[in-house]
Amino acid sequence: MTYNVKSLSRLGPSGVFGKVAMELGEQYDNIGIFTADLRHFSGLDRFGTVFPDKFFNVGIAEQNLIGVAAGFASEGNIAFATTYASFASMRCLDQVFMNMAYMNLNVKLVGFAAGLSTGILGPTHMSINDMAIFRSLPNITILSPADGMEIVEAVKAAAEINGPVYIRLTGALDNPVVYDNDIDYVIGKANKLHTGDDITIFSTGTMVYESLKASEILSKEGIGVSVYDVHTIRPFDTESMIDTMDAKLFVTVEEHGIAGGLGDTVLCALNEIGEKKQVLKIGIPCEWSHSADYSALKEKYDLVGDRIANTIHEQYVNMRKEIL
Amino acid sequence: MSNKVKYTKVFTDLFNISEDQAVNLKYQDIIEWDSVGHMDLISEIEDAFDIAMGTEDIVNFNSYETGIKILSENYGISLSD
């Protein structure tokens, strides 16, 4: 199946998931897609009509969602389950803990609206701690694609894994494009999208695009920046990090709380290999935000390219002053 | 290839339908032209004619015939036979 990159951008994560679900429905006889009353929001209207025997709406019952999907998976099937990321990581956490992490069942949990995109609905729908929660649970592969094309690859790759996966989907309609049709996607292998010697940015989800914008700004200021798309949070690609150890500063950028997300993943990886490196974590502070639309919240937390560049520039200059 | 042929081909290729079906097609007549398929259609038409359609036009584009009118009146693309 071919995908129109412009269309994927317009559709946003939900529409993209719906499109790739159609491909999975054709490919796998033993697949089932389950949702907690998000048939339309998950882009699954067409899937539910074309594949009625493979589609199950359990209603607004996230705990049941995981239990039913896990039962389906335990019979040798592939189960995808969709809900909001905030619900996926908290409302059904005990079921995720038991059925996905402990029993290691073949459930792919898709968390929509991760980060700030549903910020207008307030903190109950913002998902800024889901990565931290899933990182604390053994066995679960954690994917965090950067744009529509990478969502396609992530979902298809998740279906091929025999084990639990959490797919964290950030962004909204008109998601910026990072990849065209040429994408090299291997779970556990970060993609280097920009090369520079001074600073290395590790970014994930929607922040990959913003980090690339920041790298362009910093490059014009004479600061060389490498940018990695860390589309897989677990297993983290420690090898890529080792390849860039000569950089003077590491930066992590994520649409997630700075507690327990990508920044802490990088710090843990550094600790595991016994390396020390200054790491600037850019993300959302541990606080309750007021309700606001997506773009306003990204501005508030400095999660846009020019502000990311400013934050990095300031830290880098101060760091150099201290050294000199 | 005339603009009309190019336009029709977007429908036939994307939705895997005949030309006869395409010329009478309206939004949601077939399962493939749902909200997701609509964005594919718009993007393919934009690529075919090298244009960028406005939001209002995307929303109003609800049939093969309406599309001809929109492309003609708002983007100067003649789709006469």
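This is a predicted model: local features need pLDDT of at least 70, side-chain atom pairs count only at pLDDT 80 or more; totals for chains, interfaces and linings use all residues.
User: How do you know that chain A and chain B are in contact?

Analyst: Contact requires heavy atoms within 4.5 Å. By that criterion, 11 residues of chain A are in contact with 16 residues of chain B. The area buried between the two chains is about 1,100 Å², with carbon and sulfur atoms giving 48% of that figure. A:Asn4, A:Arg10 and A:Arg46 supply 52% of what chain A buries against chain B, more than any other three residues.

User: Why is the pairing of A:Arg10 with B:Glu46 called a salt bridge?

Analyst: The term applies to a side-chain nitrogen of Lys or Arg within 4 Å of a carboxyl oxygen of Asp or Glu. In A:Arg10 and B:Glu46 the closest N and O atoms are 2.7 Å apart, and therefore the pair qualifies under the 4 Å limit. The count between chain A and chain B is 5 salt bridges. There are also 12 residue pairs in polar contact between these chains, both residues being at pLDDT 80 or more.

User: Which parts of chain A make up the side that touches chain B?

Analyst: Helix 1 (5-27) and helix 2 (45-50) of chain A each supply at least two residues of that side. Helix 1 gives the most, with 6 residues. The residues on this side of chain A divide into 2 nonpolar, 5 polar and 4 charged.

User: What makes residues of helix 10 of chain A count as buried?

Analyst: A residue is called buried when its relative accessible area is under 20%. In helix 10 (residues 262-272), A:Leu262, A:Gly263, A:Asp264, A:Thr265, A:Val266, A:Ala269 and A:Leu270 are in that class. Their cover includes helix 6 (130-135), helix 9 (238-243) and strand 11 (249-257) of chain A. After helix 10 comes A:Gly274, whose phi is positive, near 75°.

User: Which residues touch the most other members of the largest nonpolar core?

Analyst: This core has 68 residues, and those touching the most other members are A:Phe17, A:Phe80, A:Leu116, A:Ile167, A:Ile199, A:Val251 and A:Ile312. Helix 1 of chain A gives the most to the core, with 9 residues. Leaving aside residues up to four places away in sequence, A:Ile167 touches several residues, among them A:Phe80, A:Leu109, A:Leu143 and A:Val155.

User: What other core is there, and which residues does it include?

Analyst: A second, separate core has 40 residues and includes A:Ala85, A:Cys92, A:Leu137 and A:Leu270. A:Leu270 is also one of the buried residues of helix 10.

How values were computed: Residues are numbered from 1 along each chain as its sequence is written. Chains are lettered from A and ligands numbered from 1 in the order in which they are written. Side-chain values use heavy atoms; hydrogens and water are left out. Buried area is the accessible area (1.4 Å probe) that two parts lose on being put together, summed over both. A polar contact is a pair of N or O atoms within 3.5 Å; within protein, one must be able to donate a hydrogen and the other to accept it, and residues adjacent in sequence count only if both atoms are side-chain atoms. Helices (H or I, at least four residues) and strands (E, at least two) are DSSP runs, numbered from the N terminus. Ala, Val, Leu, Ile, Met, Phe, Trp, Tyr, Cys and Pro count as nonpolar, Asp, Glu, Lys and Arg as charged, and the others, Gly among them, as polar. Buried means under 20% relative accessible area, exposed over 50%, partly exposed in between (1.4 Å probe, protein chains only). A nonpolar core is a set of buried Ala, Val, Leu, Ile, Met, Phe, Trp, Tyr and Cys residues joined through side-chain atoms within 4.5 Å.
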